[in-house]
Amino acid sequence: MLRDRHLAEDLVQDTFLKILRGSAPYTGDGSLAGWLYRIGYNGALDMLRRRRETPPDATAPETWTVATEASAESSVMAMVLAEALDTAIQELPETLRAAFVLRDVEELSTSEVAQVLGIGESAVKMRLARAREQMRVSLGDRLWN
Amino acid sequence: MELTCESLGALLPEMIDGRLSKEEEMGAATHLATCENCRLIVDETNQLRIAAREHGRVEMPDEACARIRVSLEAEQARG
């Protein structure tokens with residue numbers, strides 16, 4: 001979501017620090033996973049707001065490795081697919097990207113995604129449908145055809 | 001239940017999540033049997049879901065995990 005690995009690492013740290021400090025206590029509304037992602041998502045939005053004031057560093061490489069358990073034989077294909085996925089995800093508008101990553105990558109339920117994003121389930125479904133269609137077309141050009 | 005390309009498209013999210021009713025499933029199967037374009041869209045969207053689940057995650061580098069662990073332990077020590 002942040003498209004910057006250093007910011008993403010800072011976000012993970014900030015998220016767990018907030019939990020440790022009790023500054024965003026779990027109230028029992030929604031799932032624990034949804035609560036955790038919600039803190040992270042809000043933190044990401046804050047970072048994005050701040051970052052909009054300065055242009056992104058285009059020279060900073062994205063060096064997080066892709067999580068695959070592929071054999072050596074299939075690892076090249078897995079890497080190609082992962083790279084294409086990552087590129088297509090980055091090309092999604094911010095709101096669609098969040099819905100897609102939370103639902104289809106992180107595999108949260110629709111109600112949990114709604115909890116994280118602070119929107120209704122029907123809005124989640126709408127964003128997800130648009131994100132999947134954009135991703136499908138984008139990856140179709142790169143992979144399926 | 002007769003489905004058009006448009007009505008199948010509206011059902012696509014539920015179809016991909018495996019949440020169609022029996023009647024909708026039958027209607028979708030009938031339509032897909034004769035519509036190559038919709039079949040392609042459904043196949044590609046299914047592939048996308050599988051790819052996202054299996055290859056969409058990234059792992060944080062070990063040094064970043066270690067740095068965060070140290071930071072959290074320091075916070076805990078401060079009470």
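1. Let me start in the loop between α4 (94-105) and α5 of chain A, where A:E107 sits. This is a predicted model, and in it A:E107 has a positive phi of about 60° although it is not a glycine. For context, most residues other than glycine have a negative phi. Is A:E107 buried, exposed or partly exposed? A:E107 counts as partly exposed because it has 14 C-beta neighbours inside 10 Å, while being buried would take 20 or more.

2. B:R53 is in contact with A:D104 and A:E107, leaving aside its neighbours within four places in sequence. B:R53 belongs to helix α3 of chain B. Because 13 other C-beta atoms lie within 10 Å of B:R53, this residue is partly exposed as well.

3. That pair of contacts leads to the interface as a whole. In total, 23 residues of chain B are in contact with 27 residues of chain A. Which elements of chain B give two or more residues to the side that touches chain A? They are α1 (5-16), α3 (36-55), β1 (58-59) and α4 (62-78) of chain B. The most comes from α3(B), with 9 residues. By class, this side of chain B holds 11 nonpolar, 6 polar and 6 charged residues.

4. Now for chain A itself. It has 6 helices and 1 strand, and along the sequence they follow the pattern α-α-β-α-α-α-α. Of the 145 residues in chain A, 29% are buried. Among contacts in chain A with a separation of 6 or more, 64% are between residues 24 or more positions apart.

5. The domain assignment of chain A gives domain 1 (1-63) and domain 2 (65-145). Their contact takes 9 residues from domain 1 and 10 residues from domain 2 of chain A. On the domain 1 side that touches domain 2, the residues divide into 4 nonpolar, 3 polar and 2 charged.

6. One helix pair is worth a look on screen. Helix α2 (residues 32-51) and helix α5 (residues 110-117) of chain A pack at an angle of about 35°, with their axes 8 Å apart. Is the crossing of α2(A) and α5(A) left-handed or right-handed? The crossing is right-handed. From α2(A), the contact uses A:A33, A:G34, A:Y37, A:R38 and A:Y41, and from α5(A) it uses A:E112, A:Q115, A:V116 and A:L117. These make up 5 nonpolar, 2 polar and 2 charged residues.

7. A:L117 also takes us to the largest nonpolar core. This core has 31 residues, of which A:A99, A:F100, A:L102, A:V113 and A:L117 touch the most other members. At least two residues each come from α1 (5-21), α2, α3 (72-91), α4, α5 and α6 (121-144) of chain A, and from α3 of chain B. With 6 residues, α4(A) gives the most. Domain 1 (1-63) and domain 2 (65-145) of chain A each supply at least three residues of this core. In soluble globular proteins, nonpolar side chains tend to be buried together.

8. To finish, which residues does A:L117 contact, leaving aside its neighbours within four places in sequence? They are A:Y41, A:A98, A:A99 and A:V124. Of these, A:Y41 is also part of the contact between α2(A) and α5(A), and A:A99 is one of the core residues that touch the most other members.

Methods:
Residues numbered from 1 in each chain as written. Chains lettered and ligands numbered in written order. Predicted model: local features only at pLDDT ≥ 70, side-chain atom pairs only at ≥ 80, totals over all residues. Contact = placed C-beta atoms within 7 Å. Helix = DSSP H or I, 4+ residues; strand = E, 2+ residues; numbered from the N terminus. Nonpolar A, V, L, I, M, F, W, Y, C, P; charged D, E, K, R; others polar. Buried ≥ 20, exposed ≤ 12 C-beta atoms within 10 Å, placed from the backbone. Axes fitted to C-alpha atoms, helices over the stretch in contact; angles between N-to-C directions. Left-handed = near helix turned anticlockwise from the far one by under 90°. Core = buried A, V, L, I, M, F, W, Y, C linked by C-beta atoms within 7 Å. Domains from an automatic or database assignment.
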